[in-house]
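I opened a new structure today and kept notes as I went. Here is what I looked up.

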Amino acid sequence: MPKADDTHEGVQLPHSSEQAAGIRTPRVRGVDAARGVALLGMLAVNVLPAETAGHQPTTTTLILAGHASALFAVLAGVSLAFISGGRRRFLGRPLLAAKAGLAVRGVLILGLGLLISYAEPGPAIILAYYGVMFLLAVPLLGLPPWALVLLAVGSATLAPALLLGLQGDLPTVQTDNPTFTDVVEEPIGSAGLLTFTGYYPAVPWMAYICAGMVIGRLNLSSRRSAARLLVGGVLLALLAWGVSAFLLGPAGGFGQLVASSPGLAANDVSEVFVYGPDSGLPSGSWWWLAVMAPYSAMPLELLHTIGTSAAVLGLVLLLGKAFDPIIGVLAPAGSMTLTLYSAHLLFVSTGFLGDRPFVSLAVQAGAAVIFAVVWHSTKGKGPLERPLSALSEKVRNRIRHRHRETLDPAAAE
């Protein structure tokens, strides 16, 4: 990581945006390319059918459901590590500036998610949940990796247990995509939805953010770190899968779930495992903690998808040089996911090509990649990313400027 030129009492004073983010160009391209993979995966999940004509899960469901959005969230955590110093955590005023900038970013993304929900696109919108996760991450920016690991484990274990134990008692609203109207009319229910009961519940999903922040503190320019992410991610994913398979199989968990869910037959429970719950897991049995159903926010599902996300990032980083043209196409799209994901939601809300999902996906994915490459090469940051970054950076610079005035009173004259 580039070192700041000046220090004052052990506090770094970065001069450039890249120094402030603690990042290197190769590392950014690899992470952006992985984010581009996540974006295309989420588009596929939202557009393509979940099951075949024979009522069997499609390949899209089996491979991408729950995994693409998890990768998206883990990479968000990586970005948060970048903006707070990368491998060398910010302290003092630079850290405070990074926290303030993140708070602004979180509020704006939350607001954008609530606004787009009025278009009623159909798929669950991650943006409002994403904004809440950013706000929850503000006090975590300066924590050391070991503390983030503990928080990730806690979010992946304690939060799902709390969610399951309070199932039916938590306040919520009857929607997956809350709007400003919902927030005003039912503030407590909307808060409960965004933090615990919704499609992407922020509190258990903080496991992804914390895990990503740990990854972002690594030297991602190193092939050794990339290889460790790949191998470690695969091992974690397999371990979670194996534990779930044992608990639900030989340990008798599946039978317990069927017996404790009078309204669900064995086939219904099996469908939850494959497609995920429609509106929260059934209450009545702690054995639900053992499932790996997509979007269930249960411990083993969270750990499994953290593993697959780390593995995908490690693989992209390892293949970066060998597949540089592909990385060069995916990275621009990954650098403006807010713009492209928002455009995708608005496109879906029109219903255009809704009866031709494969054509719709090809049109959307192709347009997203081509637009991103052209815009990135001519304009730089995406249309939504530019004002978002400008507002966030304005707050950060104001706090940094106050710090420099304190160090050098003559600068304020």
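My entries on salt bridges, a helix, a surface patch and a pocket follow.

**Entry 1: the model.** I noted at the start that this is a predicted model.

**Entry 2: salt bridges.** I asked how many salt bridges there are. The count comes to three. I then took the pairs in turn.

I began with Asp324 and Arg29, which form a salt bridge with their closest N and O atoms 3.1 Å apart. This pair links distant parts of the chain, as Asp324 sits in helix H15 and Arg29 in helix H2, 295 residues apart. I checked the exposure of both partners. Asp324 has a relative accessible area of 36%, so I list Asp324 as partly exposed. Arg29 is partly exposed too, at 30%.

I went on to Asp32 and Arg35. Their side chains meet in a salt bridge at 2.6 Å, N to O. They are three residues apart in helix H2, so about one helical turn separates them. Are they buried or exposed? I found Asp32 buried, and Arg35 as well.

I also looked at Arg396 and Glu393. Their closest N and O atoms are 4.0 Å apart, and they form a salt bridge. Both lie in helix H18 (residues 385-407), three residues apart, about one turn of the helix. Arg396 is buried because its relative accessible area is 6%, under the 20% cut-off. Glu393 counts as partly exposed, at 27% relative accessibility.

**Entry 3: helix H15.** I returned to the helix that holds Asp324. H15 covers residues 324-335 and has 12 residues. From first C-alpha to last it reaches 16 Å, close to the 16 Å expected. I looked up which of its residues are buried. They are Ile327, Leu330, Ala331, Pro332, Ala333 and Gly334.

**Entry 4: a surface patch.** I found a nonpolar patch on the surface, formed by Leu315, Leu319, Phe323 and Ile326. Together they have about 330 Å² of accessible area. Leu315 belongs to helix H14 (residues 299-319). Its relative accessible area is 39%, so Leu315 is partly exposed.

Entry 5: I turned to the second largest pocket, with a volume of about 670 Å³. It is lined by 34 residues, and the closest to its centre are Ala50, Tyr199, Tyr275, Asp278 and Tyr295. Which helices each supply at least two residues of the lining? I noted H2 (25-47), H3 (59-64), H4 (67-83) and H13 (266-275).

**Entry 6: Tyr129.** I placed Tyr129 in helix H6 (residues 127-137). Tyr129 is buried, with a relative accessible area of 0%. I also looked up Gly249, which is 120 residues from Tyr129 in sequence and 33 Å away in space, C-alpha to C-alpha.

Note on methods: Residues numbered from 1 in each chain as written. Predicted model: local features only at pLDDT ≥ 70, side-chain atom pairs only at ≥ 80, totals over all residues. Heavy atoms only, no water. Patch = residues over 30% accessible without salt bridge, like charges linked within 9 Å, V, L, I, M, F, W, Y side chains within 5 Å. Areas by Shrake-Rupley, 256 points an atom, 1.4 Å probe, with all protein chains shown as cover. Helix = DSSP H or I, 4+ residues; strand = E, 2+ residues; numbered from the N terminus. Buried < 20%, exposed > 50% of the residue type's maximum accessible area, 1.4 Å probe, protein only. Expected span 1.5 Å × (residues − 1). 1 Å grid on protein atoms, 1.4 Å probe; cavity = no way out; pocket = protein on both sides within 12 Å on 5 of 7 lines; lining within 4 Å. Points joined across faces, edges and corners; volume = space filled by probe spheres on them.
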